[in-house]
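Please open the model in a viewer and keep the selection panel at hand. The stops below are given in the order in which they may be selected.

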Amino acid sequence: MMQSMISHFPPYLSLAIWAPILFGVLVLALGRDENPGFTRLLSLLGAVVSLLPTLPLIQNFDKAAHGMQFVESQPWIGRFNIFYALGIDGISLWFIPLTAFITVIVVISAWQVIEERIAQYMGSFLILSGLMIGVFSAMDGLLFYVFFEATLIPMYIIIGVYGGPNRVYAAFKFFLYTLMGSLLTLIAIIYLYNKANGSFDILAWHKLPLSMPEQIAIFFAFLMAFAVKVPMWPVHTWLPDAHVEAPTGGSVVLAAIMLKLGAYGFLRFSLPIVPDASHYLSGFIITISLVAVIYIGLVALVQADMKKLVAYSSIAHMGFVTLGFFVFNDMAVQGAIVQMISHGFISGAMFLCIGVLYDRMHSRQIADYGGVINRMPKFAAFFVLFSMANCGLPATSGFVGEFMVILGAVKFDFWIGFLAATALIFGAAYSLWMVKRVVFGAIGNEHVAELSDINKREFFMFVLLAVAVLYMGLYPAPFTDTMQTSVADLLKHVSVSKLPVH
């Protein structure tokens with residue numbers, strides 16, 4: 001399987017997957033609450049070491065090459081022709097360093113906040129990081145499914161153990177929604193395995209001649225798992241509950257990376273394996289994507305809880321992503337992938353900002369704030385920057401992806417592009433309305449009057465994210481150039497009918 005493409009590079013992908021998992025196990029084994037300094041340092045060391053093997057992927061990536069790069073392939077369960085097969089292309093490249101980077105940020109963010117069961121908290125995030133990188137690099141269908149499902153376990157623990165008062169309800173809802181959706185996907189994977197004469201090779205599945213009824217059935221089987229994970233309207237209701245109850249780090253990883261697993265599934269499975277069904281059902285996906293963009297934008301506008309507002313804004317932004325995929329042109333698909341990467345930085349930063357306020361005031365209600373800028377000017381500067389990026393201000397990363405998707409959508413159909421563009425208005429409305437009530441004006445109450453500005457640790461964390469948001473907004477070429485060839489290949493593949501010739 002894929003022997004001709006085996007990489008001559010060191011096994012960077014295996015290192016990126018297993019380094020955080022091994023460090024997570026180490027932290028669980030050696031970390032103790034009686035020695036919090038050691039536990040935190042070991043966790044930070046694990047996160048930084050795990051980031052290192054992801055950097056050569058960017059440096060050595062050949063943006064002109066077709067097909068998969070950094071390929072590793074070893075028999076895993078030989079009897080059933082199951083391989084431990086990894087590889088990335090321009091579509092999956094950026095999600096691997098993004099995942100490792102966000103894990104470093106999460107460890108820093110929890111430094112002084114988590115005081116009990118520190119090892120379990122940090123270890124869960126490190127293990128989760130490795131599993132998510134596994135999803136983005138798996139080239140074997142069963143391996144993908146194992147990683148995809150395994151991500152549920154650490155996140156379930158993070159929400160269920162470290163979350164708010166309704167954490168158990170939110171964790172169960174998250175787990176059941178995502179597990180139920182994935183069971184149909186498992187059936188589709190087994191069906192494709194049999195259809196491909198006993199092969200789990202995802203690239204071989206891309207070439208299968210499937211009839212239209214088969215394609216539609218498989219499309220919906222995949223849709224159940226990926227739509228819940230994105231989450232698309234109307235299966236989005238688990239996300240606000242999960243965000244509100246999750247600890248800050250949980251919300252950051254959930255929004256920045258986990259939602260991308262579902263969207264990535266569309267690009268790796270739905271579009272290339274069942275292209276005719278994807279075209280046939282594109283109107284349906286575009287419709288529910290526009291509902292997410294417009295309706296959920298309006299829902300975000302009326303939220304009283306800051307975390308809920310940002311959670312709903314995430315659903316609206318991910319609606320842009322699925323819209324971009326199903327208008328089938330280069331500009332929109334590249335824009336959707338850029339939007340996924342950008343949303344990782346911006347949503348992570350927004351949840352961290354809310355976390356900083358919550359750590360000081362123990363409230364997420366917008367009404368409990370007002371005039372924060374008078375006591376926390378440095379924090380206010382970052383909060384305003386990230387809120388502006390969240391509503392797509394030019395020169396921030398939030399603008400690039402949305403603008404490309406809107407351009408691509410207009411090319412496809414003017415009115416779809418027009419409706420998608422209303423998201424910029426709603427985004428500005430809910431983001432700036434929140435900033436106005438929380439940050440600006442006179443000091444709201446005595447609790448706000450006692451606030452202290454961000455410390456060096458928090459400042460460093462926000463600077464890293466601000467640099468990422470501004471760099472991507474001002475110079476998106478490194479991101480778009482690497483994905484150009486892979487997106488063109490995907491669209492070329494999707495435009496050719498895979499229906500069997502009778």
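Select Pro 234 in this predicted model: Pro 234 lies in the loop that connects α10 and α11. Next, move to Pro 231, which is found in the loop between α10 (212-229) and α11 (238-245). Here a cis peptide bond links Val 230 to Pro 231, and omega is about -15°.

Now select residues 69-77 and 82-88, which are strands β1 and β2; the two run antiparallel and are joined by 6 bridges. Within this pair, Ser 73 faces Ala 85 of β2. The strands form a hairpin with 4 residues between them, and Asn 81 in the turn has a positive phi of about 60°.

Remain on strand β1 and select Phe 70. This residue is not a glycine, yet its phi is positive, near 55°. Is Phe 70 buried or exposed? Phe 70 counts as buried because its relative accessible area is 6%, under the 20% limit.

Continue to Phe 328, in the loop between α15 (306-325) and α16 (330-361). Phe 328 is likewise not a glycine and has a positive phi of about 55°. With a relative accessible area of 16%, Phe 328 is buried.

Finally, select Leu 45, Val 48, Val 49, Leu 52 and Leu 55, which make up a nonpolar surface patch with about 390 Å² of accessible area together. Which helix gives the most to the patch? Helix α2 (residues 36-51) does, with 3 residues. Leu 45 is located in helix α2 and is partly exposed, at a relative accessible area of 45%.

Key:
Residues numbered from 1 in each chain as written. Predicted model: local features only at pLDDT ≥ 70, side-chain atom pairs only at ≥ 80, totals over all residues. Heavy atoms only, no water. Patch = residues over 30% accessible without salt bridge, like charges linked within 9 Å, V, L, I, M, F, W, Y side chains within 5 Å. Areas by Shrake-Rupley, 256 points an atom, 1.4 Å probe, with all protein chains shown as cover. Salt bridge = Lys/Arg side-chain N within 4 Å of Asp/Glu carboxyl O. Buried < 20%, exposed > 50% of the residue type's maximum accessible area, 1.4 Å probe, protein only. Pairing = 2+ DSSP bridges.
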